[in-house]
Amino acid sequence: MKLRWLGHSAFELTSNNGLNILIDPFIQANPACPLKSSDVNPDVVCITHGHADHFGDVVEIARNNPNLVVICNYEISIYLQRKGVNAIGLNCGAFVKIEDVEIKMLKAEHSSTFDFEIDTKYAGNAGSFLFTFENDFKVYHAGDTGLFSDMKFVIGEIYKPDIAILPIGNIFTMDPKEASIAARWIDPEFVIPMHYNSFPSIAQDPEDFKKSVSNCKTLVPKVLEILEF
Ligand code: NI
Ligand code: MN
């Protein structure tokens, strides 16, 4: 499995068989991402919630990729289907299997609106994703969230991910200190911070996070760096 950070909460996960999954495709307007939306060519896009910094360029990416499948919550899937996008709407606890990867939607403690629309429409519940690859390797992408006890009792004890990708920016999500508690509760092998330094309001030093995590290895990738697992 290969993992590439595109800045903010945007990550590409590529299975050993080449299935390319793009999570939270905030590319064109992402100050941390040097790519254009036409530079990515995913098979699957997963969207954690409706906010513009996660919904991103999905409509444009779908226009350029007629075979694209979008996995998101039910409300966002209705919105995308009306725009002609092939979207599968899940709700918390449900999963789909695409080729050899199981994609499960789990909860997040956050809000979800189409905040880029003038009347800021409701966009279902904010979620997170658990990806299970063919060798049972599991990646948890927390989306935008605060700390919640299911990180310990559901994500940590039941799903046991190998990698947990956690927001640390504060203001909209957990800060580094609370994210380090999440890392302790989830107890993966590797933890990766996200949702920081893309905007001045979420400036954080990932080394502060790294220092407060002792139970697992903290990886701080550079934008576009590819990590292999
Ligand atoms: Ni958000
Ligand atoms: Mn966000």
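Two strands count as paired if DSSP finds at least two bridges between them, and the strands themselves (E, at least two residues), like the helices (H or I, at least four), are DSSP runs numbered from the N terminus. The model on screen is predicted, so local features need pLDDT of at least 70 and side-chain atom pairs count only at pLDDT 80 or more, whereas totals for chains, interfaces and linings use all residues. Residues are numbered from 1 along each chain as its sequence is written, and side-chain values use heavy atoms, with hydrogens and water left out.

**The sheet**

Begin by selecting residues 20-23, which are strand 3, together with residues 44-46, which are strand 4; the two run parallel and are joined by 3 bridges. Within this pair, look for Ile23, whose bridge partner in strand 4 is Cys46.

**The cores**

Now show Ile71, which, leaving aside residues up to four places away in sequence, touches Val44, Val45, Cys46, Ile47, Ile88, Leu90, Val96, Ile98, Ile103 and Phe129. Ile71 is also one of the residues that touch the most other members of the largest nonpolar core, which has 51 residues; such a core is a set of buried Ala, Val, Leu, Ile, Met, Phe, Trp, Tyr and Cys residues joined through side-chain atoms within 4.5 Å.

**The salt bridges**

How many salt bridges does a search of the whole structure find? The search finds 4, a salt bridge being a side-chain nitrogen of Lys or Arg within 4 Å of a carboxyl oxygen of Asp or Glu. Select Lys138 and Asp136, whose side chains meet in one of them at 3.6 Å, N to O. Lys138 is buried, with a relative accessible area of 15%, while Asp136 is partly exposed at 48%; buried means under 20% relative accessible area, exposed over 50% and partly exposed in between (1.4 Å probe, protein chains only). Finish at Glu109 and Lys107, which form a salt bridge of 3.2 Å, N to O.

Notes: Chains are lettered from A and ligands numbered from 1 in the order in which they are written. Contact means heavy atoms within 4.5 Å.
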